[in-house]
Amino acid sequence: MLCDEIYHLIAREFGYPFTPSQAQAATLLSRFVTTPFAHAACILRGYAGTGKTTLVAALVRVMRLLERPVVLLAPTGRAAKVLAHHAGQPAYTIHRVIYRQQTFTGEDTRFQLGFNKLRHALFIIDEASMIASGTAGSIDSLFGTGEVLDDLMRFVYSGEGCRALFVGDTAQLPPVGEAASAALQVDVLQRYGMRTGMVELTEVVRQCRGSDVLAGATALRDAIRLGTDVFPHIGTDAHGEVRALPGNELIEQLVSDYREYGTGGVIVVTRSNKLANLYNNGVRSRIFDREDLLTRGDLVMAVKNNYYWTEQLARALEPGEQLPFSFIANGDTAEVVRLRHVHEQYGFLFADATLRFPDYADYELTCRVLLSTLQSESPSLTRDEQQRLYESVLLDYMHLPRKADRMKALRQDAYYNALQIKYAYAVTCHKAQGGQWPRVYVDQGYLPDEAYDTSYLRWLYTAFTRTTDRLYLVNWRQPRTE
């Protein structure tokens with residue numbers, strides 16, 4: 001099919017008159033999906049409210065009309081769930097699609113890069129700002145080369161005629177430890193030998209212009225783009241989408257929103273683990289009246305990648321069965337369904353829990369959890385704590401004469417592999433990235449004036465764009481304005 005025909009199909013499925021940058025994007029996408037060049041890639045960048053998601057959904061429908069295979073990917077389970085909702089077809093985490101588990105050898109479980117069997121498939125990777133490159137972005141050396149972007153490119157382009165479209169927002173937080181989002185940079189993809197096209201959506205569409213959330217996000221994005229040292233004015237309204245919320249009204253409002261949306265529809269976004277802990281403890285004690293360290297119904301988050309428990313499940317699967325996730329990822333959230341056998345061992349507190357993962361079709365998994373991380377101000381076990389656990393567990397296997405046998409036993413020990421968790425009512429912004437909630441509470445904590453820099457603007461922009469409905473700025477103090 002000709003490029004012009006694809007363009008008109010996208011316009012029809014889009015359903016609104018194109019803005020100038022949307023028309024440019026539709027033209028580029030039409031050329032991209034029809035180009036004869038084997039090594040072609042495309043980047044669609046767009047700020048909040050510019051129609052990026054709607055355009056991607058239109059492209060997906062067009063590809064289905066043309067009976068062309070489309071694979072939807074995202075860095076996290078929550079981001080994949082959001083993408084699937086908008087695009088109208090299943091979406092998966094990058095890791096689930098591109099990696100396959102090696103046969104267990106008695107050492108650490110490793111995941112090899114899989115083989116792309118598809119032909120002429122379009123891979124759409126959403127929330128690409130979260131994909132890191134190089135060793136700084138390595139999610140874990142147990143996966144392929146340890147460099148996700150490298151492995152993703154290798155996987156996609158190993159399939160005949162396959163190509164990748166990276167979709168994201170450059171105003172959001174880049175991956176931890178990196179100054180920019182590599183997957184949204186033309187020069188980065190060109191270094192993979194790709195003919196790379198890029199377009200950026202900039203105009204806020206007419207149907208979104210009345211949104212206070214998007215007005216605030218746009219003001220923040222413009223300040224980021226211009227590099228100004230003057231903080232933009234953020235408008236709030238007691239009855240609008242963006243509301244300044246005094247601390248003495250916080251509990252009452254949270255109670256109301258939990259009642260209407262449940263714990264899965266409300267999130268508090270903070271700038272530090274310490275402040276997130278204060279919120280989590282306050283929510284549990286003052287709203288849910290929970291005194292035990294962990295109870296049925298609690299919302300928790302994995303704070304370190306864990307492969308052990310999915311590996312145990314995978315071994316018991318029938319031929320042809322597949323788990324909805326290949327590992328429990330740092331940032332995955334779950335609800336506690338059952339809890340038993342709370343006990344202390346090796347100087348740490350453990351329990352056996354059945355967890356329900358809402359981002360993976362409510363899949364339930366039973367595992368041992370480490371309760372000692374729940375109240376810790378560090379993101380997970382500290383290096384010293386991890387070393388202490390390692391040495392304590394290893395002592396139980398010192399009766400084995402061979403070191404290799406001791407290490408094998410350690411790697412298969414349920415205590416050593418206990419899932420490290422924190423409460424998930426309040427999280428840092430990096431943990432919230434890629435997700436969306438109807439009610440989002442943002443508490444930046446105390447910040448001196450000199451802290452209102454570009455990195456802070458990106459943090460606040462990312463927090464702003466987590467909501468689908470209403471945003472509360474808790475104890476908000478408007479910084480210096482124009």
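Where in the chain does Tyr346 lie? Tyr346 is in the loop between β12 and β13, the latter covering residues 348-357. I start there, and then go through a few other places. Please keep in mind that this is a predicted model.

So, Tyr346. Its phi is near 60°, and that is a positive value in a residue other than glycine. Most residues other than glycine have a negative phi. Tyr346 is also buried, at a relative accessible area of 18%.

There is a second residue of this kind on my list. Asp362 is not a glycine either, and its phi is positive, about 60°. You will find Asp362 in the loop between β13 and β14, where β14 is residues 363-370. Is Asp362 buried or partly exposed? Asp362 counts as partly exposed, because its relative accessibility is 45%, while buried would require under 20%.

Next, His343. This residue belongs to strand β12, residues 333-345. The relative accessible area of His343 is 13%, so it is buried. Which side chain makes a polar contact with the side chain of His343? That is Tyr415, at 2.9 Å. A polar atom of the His343 side chain also lies 2.6 Å from the backbone oxygen of His341. If we leave aside neighbours within four places in sequence, the contacts of His343 are Phe348, Leu349, Phe350, Ala351, Arg368 and Tyr415.

Phe348 comes up again with Glu385. Not counting residues up to four places away in sequence, Glu385 touches Phe348 and Ser380. Glu385 sits in helix α12, which is residues 383-395, and is partly exposed at 24% relative accessibility. A polar atom of its side chain is 2.9 Å from the backbone nitrogen of Thr382. For a sense of distance, take Glu385 and Asp151: they are 234 residues apart in sequence, and their C-alpha atoms are 32 Å apart in space.

Compare that with another pair. Ser326 and Thr93 are 233 residues apart along the chain, and 9.5 Å separates their C-alpha atoms. Ser326 is in the loop between α11, residues 308-316, and β12. Ser326 is buried, with a relative accessible area of 17%.

Now the cysteines. How many disulfides does the structure hold? The number is zero. Take Cys162 as an example: the closest cysteine sulfur to its own is in Cys42, 16 Å away, which is too far for a bond, because a disulfide needs the two sulfur atoms within 2.5 Å. Cys162 is buried at 1% relative accessibility, and Cys429 is buried too, with a relative accessible area of 1%.

Last, the second largest pocket. It holds about 920 Å³ of space. Its lining is made up of 35 residues, and those nearest the centre are Ala48, Gly49, Thr53, His86 and Gln436. Several elements give two or more residues to this lining: α3 (52-65), α4 (77-87), β7 (163-168), α8 (212-226) and β18 (467-474). Which element supplies the largest share of the lining? That is α3, with five residues. By class, the lining of this pocket has 13 nonpolar, 15 polar and seven charged residues.

Technical notes
Residues are numbered from 1 along each chain as its sequence is written. This is a predicted model: local features need pLDDT of at least 70, side-chain atom pairs count only at pLDDT 80 or more; totals for chains, interfaces and linings use all residues. Side-chain values use heavy atoms; hydrogens and water are left out. Helices (H or I, at least four residues) and strands (E, at least two) are DSSP runs, numbered from the N terminus. Buried means under 20% relative accessible area, exposed over 50%, partly exposed in between (1.4 Å probe, protein chains only). A polar contact is a pair of N or O atoms within 3.5 Å; within protein, one must be able to donate a hydrogen and the other to accept it, and residues adjacent in sequence count only if both atoms are side-chain atoms. Contact means heavy atoms within 4.5 Å. On a 1 Å grid over the protein atoms alone, a cavity is a set of points where a 1.4 Å probe fits but cannot get out, and a pocket is an open set with protein on both sides within 12 Å along at least five of seven lines; lining residues have an atom within 4 Å of a point. Grid points are joined across faces, edges and corners, and a volume is the space filled by probe spheres set on the points. Ala, Val, Leu, Ile, Met, Phe, Trp, Tyr, Cys and Pro count as nonpolar, Asp, Glu, Lys and Arg as charged, and the others, Gly among them, as polar.
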